[in-house]
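The sequence and structure come first.

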Amino acid sequence: MGLLSGLRTVVIDAWSYLNYKPVFSDHHGMPNRRAFPEAQAMWVPEEDQRRLAAYKLLAAYDQNQAAQLAAASGDHHAEDRREFGDPSMFIDTTMAHVLGAEQTITIPGADHDGEKPDADEVMAARVQELLRTWADDEQFPMRLQQCERKAVALGDGVYRLAWDPGKQRPTVRVTDPGFYFPVIGEDDDGGEYPIRVHFAWELPEDPKRGLKARIRRITYELDWIRPATGNGVDQNSRPVRATLPVLISEPVEGEEAIPAPPLTSGDLLNPDTGAISRQYAWNDTPSYVTCYLTDATWNIGDIKGPVDVDTLPLDIATFGTGGDGQVLDHLDLLIDFVPVVHLTNTVPAAEEHWGQSTLAKVLQVLDELAGTDTDSSRASATTGAPIIGVWGKGTPQNGRSDLEVAPGAVWTLGEGGGMIVADTSKNLAELRNQRHDLQDRAANVTRLPAVALGTVDPSKVPSGYALQLSLGPMDALVSSMRLARDPKYFLFLKFVQRLFIAGQHPDWAAVTVQPARLTFGSYTPTDKTAVLEQVKDGVTNGVLSLETGVKMLQEAGFPIEDIEEEIQRIQSRAFSQAKDLADALGNPKETADFLGREAPSGGEQAPQVILPPADGSTPQDGQLELPEEAPRGSGGNTP
C-alpha cells in the first residue's frame with residue numbers, strides 16, 4: 001500500500017499536455033496551490049481547477065513569465081532562465097494567418113450580378129450593409145482580434161452581447177475564458193451549448209472604501225416564461241424583482257371573476273396548461289422559453305458550507321442594477337437565446353466543450369529553447385570576457401585577481417610565468433546551432449513553416465510553386481482552425497440581428513434574419529507576377545472569363561476594391577474588342593453599352609454599296625452606282 005500511495009496519478013484530459021510540469025500536476029494530478037491560488041478558491045468547481053491553472057500557465061508563457069511562475073512553486077533555479085518571446089511570436093503568427101489579410105461580413109445573394117435583383121437579394125444586400133455599419137460603429141475588428149488572441153493562446157475565447165438602449169445597437173465585449181463557467185450536466189453533450197452560463201470572479205478587499213472581499217457572478221439562463229415582474233424589495237430591504245399584482249378578469253354574468261397572472265406585453269397564457277408563450281419576431285411559431293439575466297455579488301465571509309459557482313445562495317446576495325434602473329435579479333431579456341458565444345481555437349473532441357491552445361504540443365520544445373537561450377547567454381559572457389589564468393613569480397596568489405583585463409594592458413610576469421585563455425566560442429556556436437534546430441522543430445510541430453514565420457530569405461526560395469508546397473502543412477492547419485470558427489461566427493451574427501430586431505431599431509423594421517458569415521481573407525504570400533501572367537494568358541486565350549481573372553487579381557493582393565467597377569474600366573478602353581462586337585452584332589447600342597458610352601443618335605446612314613447589275617439595268621434610288629471601268633492613273637492601278 002505504501003508503494004501504491006507514492007505513485008503519481010496520471011490524468012488525461014483537455015489539458016494533460018501540461019502534466020510534465022511539476023507546477024501544474026502533483027502526485028494527484030492537481031495544480032500547485034502556491035502557483036495557482038485562484039484555481040483553488042472554495043467556489044471554483046473541482047472540474048474547473050485544472051482548466052484555470054492551464055490558462056494562467058499559458059498566459060505566463062505568452063508574457064515571458066513561465067520561469068517566474070515555476071519559481072513561485074519552489075524552483076529557485078528557474079529565476080535564471082531566459083525567455084525571449086518565442087511563444088508570443090507563435091501566437092501572433094498563427095492568429096494573423098487564421099484571420100487573413102481582412103475580415104468581411106458577407107450574405108449569400110447580397111452581391112447580385114443581375115440588373116433587377118429579386119426581393120430576397122434586396123433584403124440580403126440591405127442586411128449586409130447594416131451589419132457592416134454596425135461592425136464599424138462597434139469597432140468589431142478590434143474586438144475580433146482581442147477574442148482571437150485569447151482563443152489562440154489559451155484555447156478558448158468568449159464573446160458577450162447585449163442590447164444598449166443608449167447607443168441603440170448591440171454591444172460586444174470579450175471576456176477572459178477564466179471567468180467563464182458553463183453548467184454542463186452529466187447527461188449533457190459538451191458539444192451542445194449549455195442553457196445556463198456563469199461569469200464569475202473575485203473582487204479583492206478595499207479597505208479605503210470599506211469593502212470586503214467579494215464574489216461577483218453574472219448568470220444567463222434559459223427557462224420557462226414566467227409572469228411579469230418589476231422592481232421591489234424583500235423583507236431585508238434588498239432590491240429584488242417581484243411578481244406584479246395578480247389581475248382579476250371582468251366578471252361574466254353567472255360566473256366568478258378569475259384571477260390571472262400578470263403578463264408581459266405580447267405574452268399569451270394557455271388556460272389548459274398554465275404555460276405562457278411568446279411570439280418572437282425571428283420565429284415562425286410561439287416559444288415558451290426566455291433568457292433571464294442575474295448580476296449578484298456575495299461577501300466571501302458570508303458564504304458558509306460547501307458551495308460552488310453554481311450553488312451560491314441567492315438569499316444573501318446583493319443584486320446589481322442596470323443602466324435603465326431595472327434590478328438584475330432574473331431579469332427577462334425578452335430573447336430566447338443566451339447572448340454568449342464560446343469560441344474554440346480547435347475543433348473540440350467528441351462531446352467536449354473546450355478548445356486547445358496553439359502552444360499545446362510545443363511547450364516542451366519552448367522550454368528547451370529557453371534553456372538553450374540561458375546557456376547561450378552564459379557562454380557569450382565567457383566569450384566576450386574570457387577566463388584568463390596567469391602564473392609565475394610576482395603574480396597574485398590564493399585566487400586573488402589584482403590584474404586588470406583591459407585593452408592595451410601590460411602584465412609583467414615573473415620568472416617562469418605564463419598565461420592561458422579559456423576559449424568558449426566553439427560552445428557558443430554549437431548552442432546557436434542547437435537553437436536553430438529547436439526553432440525548426442517547433443515550427444514543424446506547430447505546422448508553421450519557416451517561410452510563414454518570416455525566417456527564410458525570399459531570394460533563396462526557388463519558385464512560387466516550391467513556396468506553395470512548403471505552405472502545405474499550414475494550409476491544413478488554417479483550414480481546420482477556420483472550420484472551428486465558422487459556425488461560431490455564423491451564430492454570433494445571427495444574435496446581432498436578433499438583438500437589433502428585439503431592440504426595435506427603426507432601420508431594422510421588417511427585416512428578416514439572414515445567414516450572415518464572417519469571411520477571412522487570404523493568408524499566404526502570393527507571387528503577383530505569376531498570377532498576373534496566368535490571368536493575362538487565360539483571358540487572352542479565352543479559357544478564363546474577365547470576371548474570374550479580375551477576381552484572381554484581387555485575391556492575389558492587387559488594389560482592386562470593386563470587381564464590377566474594375567471590369568467596366570477595362571471594357572471602356574477595349575476598343576478593338578468593341579469593334580469585333582460591332583462587326584458580329586451590327587448593333588451600335590450594344591457596342592456603346594460595352595464601352596460604357598452612349599450610342600450616337602440621329603444622322604443619315606451611308607447608302608448601300610452594290611455592284612451594277614449584269615444586265616445593264618438602271619440602279620434603284622438610294623443605291624450607289626460604281627463605274628463599269630474606272631480610269632487608270634499614271635500608277636496604272638489607282639481607281
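## The largest pocket

The lining of the largest pocket is made up of 22 nonpolar, 14 polar and 12 charged residues. Here Ala, Val, Leu, Ile, Met, Phe, Trp, Tyr, Cys and Pro count as nonpolar, Asp, Glu, Lys and Arg as charged, and the others, Gly among them, as polar. The model is predicted: local features need pLDDT of at least 70 and side-chain atom pairs count only at pLDDT 80 or more, while totals for chains, interfaces and linings use all residues. Residues are numbered from 1 along each chain as its sequence is written, and side-chain values use heavy atoms, with hydrogens and water left out.

The lining of this pocket has 48 residues, and W163, L331, D332, L333 and L334 lie nearest the centre. The volume of the largest pocket is about 1,600 Å³. On a 1 Å grid over the protein atoms alone, a pocket is an open set of points where a 1.4 Å probe fits, with protein on both sides within 12 Å along at least five of seven lines; lining residues have an atom within 4 Å of a point. Grid points are joined across faces, edges and corners, and a volume is the space filled by probe spheres set on the points.

At least two lining residues each come from β2 (156–164), β3 (169–175), β6 (214–224), β13 (289–299), β15 (331–332) and α11 (472–502). Strand β2 supplies the largest share, five residues. Helices (H or I, at least four residues) and strands (E, at least two) are DSSP runs, numbered from the N terminus.

## The chain as a whole

The chain has 16 helices and 21 strands. Of its 639 residues, 36% count as buried. Buried means under 20% relative accessible area, exposed over 50%, and partly exposed in between (1.4 Å probe, protein chains only). Among contacts with a separation of 6 or more, 61% join residues 24 or more positions apart; contact means heavy atoms within 4.5 Å.

Two packed helices are described by the angle between their axes and the distance between the axes. Axes are lines fitted to C-alpha atoms, for helices over the stretch in contact, and angles run from 0 to 180 degrees between N-to-C directions.

Helix α4 (residues 86–99) and helix α7 (residues 363–384) have axes that come within 10 Å and cross at roughly 135°. That makes α4 oblique to α7. Angles under 35 degrees count as roughly parallel, over 145 as roughly antiparallel, 65 to 115 as roughly perpendicular and the rest as oblique. On the α4 side the contact involves D86, P87 and F90, which meet L366, L369 and D373 of α7. By class, this contact of α4 with α7 has four nonpolar, no polar and two charged residues.

Helix α4 also packs with α11, at an angle of about 70° and with the axes 9 Å apart. The two helices α4 and α11 are therefore roughly perpendicular to each other. T94, H97, V98 and L99 of α4 make this contact with M474, V478, M481, R482 and R485 of α11. The contact of α4 with α11 has five nonpolar, two polar and two charged residues.

G100 lies in the loop between α4 and β1 (103–106). This glycine, G100, is buried, with a relative accessible area of 15%. Not counting residues up to four places away in sequence, G100 touches R482, G521, S522 and Y523.

## Contacts across the sequence

| Residue pair | Separation along the chain | C-alpha distance |
|---|---|---|
| G100 and V478 | 378 residues | 9.7 Å |
| Y193 and H342 | 149 residues | 8.5 Å |
| V445 and P473 | 28 residues | 9.9 Å |

Y193 is found in the loop between β4 (180–182) and β5 (196–203). With a relative accessible area of 29%, Y193 is partly exposed. Leaving out residues up to four places away in sequence, Y193 touches Y180, V338, V340, V341, H342 and H353.

V445 belongs to helix α8 and is partly exposed, with a relative accessible area of 36%. Beyond residues up to four places away in sequence, V445 touches K361 and V362.

## Positive phi values

Most residues other than glycine have a negative phi. R447 has a positive phi, near 60°, and lies in the loop between α8 (425–445) and α9 (450–453). At 34% relative accessibility, R447 counts as partly exposed. A510, which is not a glycine, has a positive phi of about 60°. A510 is found in the loop between α11 and β19 (517–520), and at 71% relative accessibility A510 counts as exposed.
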